[in-house]
Amino acid sequence: MTHQKRQLSEERRHFFRINDSVNLSYRFIDEQQTKYPIQATSSLLDNCSLSSALELIAEESAAIYNKLEKVHSDFADYLKLLNIKVDLIAQAVIALSSNEVKENETRNANVSVSGLGFECNEPLTVEQYLEIKMLLVHSTVVITTYAKVIHCSKNPDTSSNYHYVIGLDYVNMKESDRDLLSKHVAKKQLQQIRQQKEQQHLNNAQ
């Protein structure tokens with residue numbers, strides 16, 4: 001990939017954003033630490049084994065599903081329901097098996113492949129580096145990565161329990177995590193587009 005194409009790809013990522021619920025924790029680190037890989041631990045939020053495994057299985061089953069749908073649509077629909085059931089069970093496993101998930105706060109966030117915006121109770125210093133751990137609540141995607149604070153401002157929503165809005169850019173995110181995040185964002189966008197179309201259809205029918 002040429003430098004120009006890579007730059008264009010990065011610019012597109014900044015516009016590839018969704019609003020989502022995120023279970024988030026972070027700790028302050030210095031810039032030097034971001035140059036080294038994040039060490040995996042036994043914590044669920046520190047490894048993406050479940051997320052990665054489910055994503056790989058979903059990719060392989062999608063191709064089979066597309067072929068099967070043309071031959072036997074009823075059976076394909078049944079498999080689709082089973083897949084949804086597995087996703088729900090996986091979400092429950094993550095939520096129930098991790099004390100970190102219970103202890104961390106779930107908040108509204110603006111998620112992209114390049115960065116994260118979220119509400120926060122404390123002001124963070126621009127240029128400060130963090131290690132963040134986030135569980136995307138509506139999926140099985142778990143990400144641990146470094147990030148840099150790029151802005152901090154007062155929350156315009158005065159009804160919110162959070163007084164500040166923080167913007168982060170990811171730093172040295174693993175490519176496997178970036179792929180997981182990209183797929184989650186794309187899937188969520190398609191769901192939102194589908195819901196908007198369904199709502200428009202209902203409004204037009206009334």
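This is a predicted model: local features need pLDDT of at least 70, side-chain atom pairs count only at pLDDT 80 or more; totals for chains, interfaces and linings use all residues.
Strand E4 (residues 129-136) pairs with E5 in the antiparallel sense over 7 bridges, and Tyr129 has Lys148 as its bridge partner in E5. Residues are numbered from 1 along each chain as its sequence is written, and side-chain values use heavy atoms, leaving out hydrogens and water.

Now to the barrel. Six strands close it in the order E1-E2-E3-E6-E5-E4, with antiparallel pairing. From one strand to the next, the twist averages 45°. Helix H5 (residues 175-205) packs on this sheet, touching E1 (17-29), E2 (105-112), E4, E5 and E6 (contact: heavy atoms within 4.5 Å). The direction of H5 makes about 150° with that of E1, where axes are lines fitted to C-alpha atoms, for helices over the stretch in contact, and angles run from 0 to 180 degrees between N-to-C directions.

Strand E6 (residues 164-171) has 6 of its 8 residues buried; buried means under 20% relative accessible area, exposed over 50%, and partly exposed in between (1.4 Å probe, protein chains only). E6 runs antiparallel to E3 (residues 115-120), joined by 6 bridges, and pairs in the antiparallel sense with E5 (residues 142-154) over 8 bridges. Val165 in E6 is the bridge partner of Glu119 and also stands opposite Ser153.

The structure holds 3 salt bridges, each a side-chain nitrogen of Lys or Arg within 4 Å of a carboxyl oxygen of Asp or Glu.

| Salt bridge | N to O distance |
|---|---|
| Lys188 – Asp20 | 3.8 Å |
| Arg27 – Glu131 | 3.2 Å |
| Glu127 – Lys148 | 2.9 Å |

Arg27 in E1 and Glu131 in E4 are 104 residues apart; Arg27 is partly exposed at 39% relative accessible area, whereas Glu131 counts as buried at 9%. Glu127 sits in the loop between E3 and E4, and Lys148 in strand E5, 21 residues apart in sequence. Glu127 is partly exposed, with a relative accessible area of 47%, and Lys148 is partly exposed at 24%.

Key. Helices (H or I, at least four residues) and strands (E, at least two) are DSSP runs, numbered from the N terminus. Two strands pair if DSSP finds at least two bridges between them.
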